[in-house]
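Subject: Structure handover

Hello,

Please find the structure below, followed by notes on what was found in it.

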Amino acid sequence: MLLIVEDPTAFTGCFVIHLFEEISLLTFSFLFSSLFSLPSLSLSLFHSLLPFLSLLLTLSLSSQPLPSHPAAPPEHAKEPLAYMRKAQVNWEKRILKSLNSMCTELGVPLARKRPAVEQKELTNKWNEMGTDEPGKWTSSQSICSDRRLNTPSYSISHDSQVLISLRNPNHDSSEEASAKSHWGLIQVPLHDRDIPQMREAYSELSLTTGQLGIDDHTHVPPGKTRLICTELAFCQDSAAAQQYSRQGCPTGLRADLWALILNSTNEPEDVMHYEQLKAGVIHHDLLVDNLIYKDVKLTASNDDYYFVFEDFLYQVLLCFSRDTAVLEHFSYNSATPPKSYIQGKVGVEEFAVVYPPNGVIPFHGFSMYVAPLCFLYNEPSKLYSVFREMYVRYFFRLVCVCSKCVYTVCGIVSLCLQFERLLQTHLPQLFYHLREIGAQPLRIAFKWMVRAFSGYLSTDQLLLLWDRILGYDSLEIVAVLAAAVFAFRAENLMEVTSLTSAEAVLADLSTLKVMPLIQIFLFATVI
Amino acid sequence: MSVNTVPCTVKPTVTLQIGDAETDSSRPGVYVIDVTLPIGQTVNIQEISFKNYYTAYVSVRLLRRDGEGAAKWVTCLRNHCLMPSPHTEEGSQDYCSVYRQQMLIEPDNVTSVRLILRQPSSAWLNFSVEDIKIHPCLNEDSEWDIPDWLSDLTQVDQLCDLQGLPDPQTVSCSIQQMWALTEVMQTNQTTASIGRFDVRGVPIVYLHMESNVHITFPAVVGEKDLESKEGPVMLHHFLFIYWLNNVSIQTSLR
């Protein structure tokens with residue numbers, strides 16, 4: 001990228017500044033010193049150049065470091081609490097260990113180039129990968145049917161175990177019952193909000209405000225709503241679309257509104273990027289592809305709503321694994337992308353490469369993040385770019401141990417804690433009863449929250465919930481819904497006597513209407 | 001943020017507790033940390049930086065040495081909040097800085113700093129601050145690489161040796177009178193020539209009839225001045241005279 005700056009005070013000639021992808025500090029200081037050495041430079045030129053120079057600096061940094069104290073190391077900016085960082089590191093080590101052991105036991109390389117015949121076949125079958133055996137495109141036919149792959153690298157129960165075992169070494173967690181004792185499983189004293197604070201924060205969801213998901217069922221003609229919406233889509237105002245989304249999006253315009261909120265475009269360069277990723281899938285086969293195949297077969301294909309989208313899921317997830325643009329989100333994600341070394345050069349940094357290329361190891365249930373989006377977008381490149389944006393903004397927080405609420409988006413630890421606190425404060429009898437019978441509420445609600453309810457609610461209700469996630473730019477509403485579901489089924493739950501019967505009461509959420517539940521819980525609870 | 005720090009000794013933490021420390025079972029909620037400089041050294045503090053470890057509020061007191069040598073304790077920061085909610089983790093392990101501008105009094109000639117830490121919540125087993133560093137004020141002539149011409153443009157108010165020139169204040173008063181005169185001239189314009197004004201000790205100001213005011217700085221006020229000074233040449237006082245369309249004034253340097 002060339003930036004030509006002309007001297008406004010008729011300095012002879014003009015000088016050209018080349019802007020490279022990563023402008024190093026050395027280059028920047030060179031520019032400065034060259035400016036100062038020019039003889040007839042006046043103060044006005046310096047002032048006029050300053051915005052150009054600052055533009056130079058901002059353009060060159062692809063992802064800004066988080067604002068923090070100058071003495072703070074970068075990992076502190078992403079996650080200030082030392083014990084959480086430690087827990088995250090240990091968790092990652094365990095996952096990598098299991099992936100490595102899978103690799104060595106099965107004798108399969110982490111990545112291999114596909115033979116030409118296979119590449120051709122895969123290109124022809126790109127749109128119908130779901131019809132084939134999952135092991136067809138992997139290096140060994142037996143891999144996907146291998147028993148060891150039946151327990152994926154990490155599973156939901158493993159995640160919850162890590163969170164439950166989080167302890168602050170400086171926290172006084174004595175066993176005596178006291179006013180501040182927390183009955184739940186998460187024993188980390190993070191900040192949470194109570195209902196009066198949430199009433200203020202979620203004022204657009206109040207009982208007196210119209211909501212899509214409730215009021216559109218009364219057969220009132222859309223009229224004004226639709227007009228506002230099309231106007232938004234026309235004006236391309238992302239912030240206005242986000243504000244609008246808080247009250248729900250009309251089904252026909254949801255796809256455009258979400259793309260607008262997420263700043264996700266489908267320009268030719270995005271399509272080209274997707275095609276490049278697709279070419280990457282065809283040329284190389286990664287070990288993590290097996291995890292994706294297995295996950296899709298076990299979860300999305302068995303779901304009544306999503307089994308039709310199996311092909312789309314493969315097309316999106318396989319490309320997602322190879323997208324190095326996702327690595328940018330590690331500047332604010334406290335997780336570290338796993339590294340792998342070229343054979344024979346273990347430990348040598350020059351031969352280190354991030355594996356998988358996007359730094360994210362898929363886990364059981366990962367495909368459920370993509371599945372609901374398939375209802376909105378039928379073009380793979382568009383679907384891909386929306387999913388990628390949603391992952392780097394929201395979903396990554398559901399799979400990492402972090403305490404920092406940046407821009408009010410909460411991580412899974414805060415969500416679990418928020419859920420338990422809401423339940424303990426407003427349904428103490430229910431919580432106590434469930435605790436007594438050995439059915440801690442978090443054990444049931446965790447799987448809902450970690451998937452943002454995907455696969456548990458019916459799709460139209462799920463999309464209404466995700467409207468609010470986008471509208472409020474936060475996953476907190478997921479914890480509120482989990483507590484609201486418990487509140488709704490409280491009577492039945494008070495009568496159960498074991499964990500299995502509690503799970504049976506809460507097994508089927510597909511008949512629930514999301515918005516009335518949230519509204520009643522937030523605005524009709526007596527406090 | 002400056003990287004220089006002053007070498008100092010951090011004394012062990014002292015607990016402030018009511019009652020007997022040994023027999024009392026509850027944990028203390030106030031700690032005091034003293035940070036002392038080597039004997040005889042004083043510092044003008046620019047910044048105090050530290051890493052928090054579950055301290056909710058911090059107050060800072062300074063032992064200042066005034067001109068006569070007597071030392072006095074003064075409070076420069078009162079109950080500065082490090083954790084917005086003492087029971088929860090927010091801000092508990094953050095890196096913090098207290099800057100000169102935040103302090104209630106000027107932290108100059110300081111020999112000792114006392115940090116008073118408070119943690120009212122009983123949720124925490126321990127609390128303190130770590131890695132305390134005191135950053136001194138940087139001097140004007142530091143190693144920053146400012147080119148000469150940049151400092152030329154900044155007007156430094158120096159009481160320099162006048163070398164026989166009159167006091168700027170008196171000159172500006174008489175110039176004011178001259179300005180009033182020009183105002184009068186403007187209102188009563190005649191074709192008669194004005195004559196020459198002869199003002200002693202005022203640098204040359206050439207004023208043209210056309211649009212722009214073109215001001216040349218006097219080349220030299222006194223050659224001796226330039227030679228005796230080190231560093232950049234400081235331009236002495238020069239005076240603007242507002243321009244009027246039909247009147248031109250020429251003054252000459254004595």
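Which residues do ring pairs link into a cluster? The members are Phe320(A), Phe363(A), Phe366(A), Tyr369(A), Phe387(A), Tyr391(A), Phe395(A) and Trp466(A). Please keep in mind that this is a predicted model.

Aromatic pairs

Over all chains, the structure holds 27 aromatic pairs. Trp183(A) is partly exposed, with a relative accessibility of 22%. Tyr432(A) is also partly exposed, at 41%.

A second pair to look at is Phe419(A) with Phe486(A): the ring centres are 5.4 Å apart and the planes stand at 65°, so this pair is edge-to-face. Phe419(A) is in helix H15 (residues 412-426) of chain A and Phe486(A) in helix H19 (residues 476-488) of chain A, so that the pair links distant parts of the chain, 67 residues apart. Phe419(A) counts as buried because its relative accessibility is 0%, and Phe486(A) counts as buried at 0% too.

Charges over rings

In chain B, two charged residues sit over rings. Lys51(B) lies over the face of Tyr95(B), 5.6 Å from the ring centre. Arg114(B) has its charged end over the ring of Trp73(B), at 4.3 Å from the centre of that ring.

A buried glutamine

Gln519(A) is found in helix H22 (residues 514-523) of chain A. Is Gln519(A) buried or partly exposed? Its relative accessibility is 7%, and under 20% means buried, so Gln519(A) counts as buried. The side chain of Gln519(A) reaches the backbone oxygen of Ser206(A), at 2.9 Å.

Ile342(A), Val348(A) and Phe351(A) make a nonpolar surface patch of about 220 Å². Val348(A) has a relative accessible area of 31% and is partly exposed. Patches take residues with over 30% relative accessible area, so Val348(A), at 31%, passes that cut-off.

Regards

Technical notes. Residues are numbered from 1 along each chain as its sequence is written. Chains are lettered from A and ligands numbered from 1 in the order in which they are written. This is a predicted model: local features need pLDDT of at least 70, side-chain atom pairs count only at pLDDT 80 or more; totals for chains, interfaces and linings use all residues. Side-chain values use heavy atoms; hydrogens and water are left out. Patches are made of residues with over 30% relative accessible area and no salt bridge: like charges are joined within 9 Å, nonpolar side chains (Val, Leu, Ile, Met, Phe, Trp, Tyr) within 5 Å. Accessible areas come from the Shrake-Rupley method with a 1.4 Å probe; for residues, only the protein chains shown count as cover. A salt bridge is a side-chain nitrogen of Lys or Arg within 4 Å of a carboxyl oxygen of Asp or Glu. Buried means under 20% relative accessible area, exposed over 50%, partly exposed in between (1.4 Å probe, protein chains only). Rings of Phe, Tyr and Trp (its six-membered ring) pair if their centres lie within 6.5 Å; planes under 30 degrees apart count as stacked, over 60 as edge-to-face and the rest as tilted. Helices (H or I, at least four residues) and strands (E, at least two) are DSSP runs, numbered from the N terminus. A charge sits over a ring if NZ of Lys or CZ of Arg is within 6 Å of the ring centre and within 35 degrees of the ring normal. A polar contact is a pair of N or O atoms within 3.5 Å; within protein, one must be able to donate a hydrogen and the other to accept it, and residues adjacent in sequence count only if both atoms are side-chain atoms.
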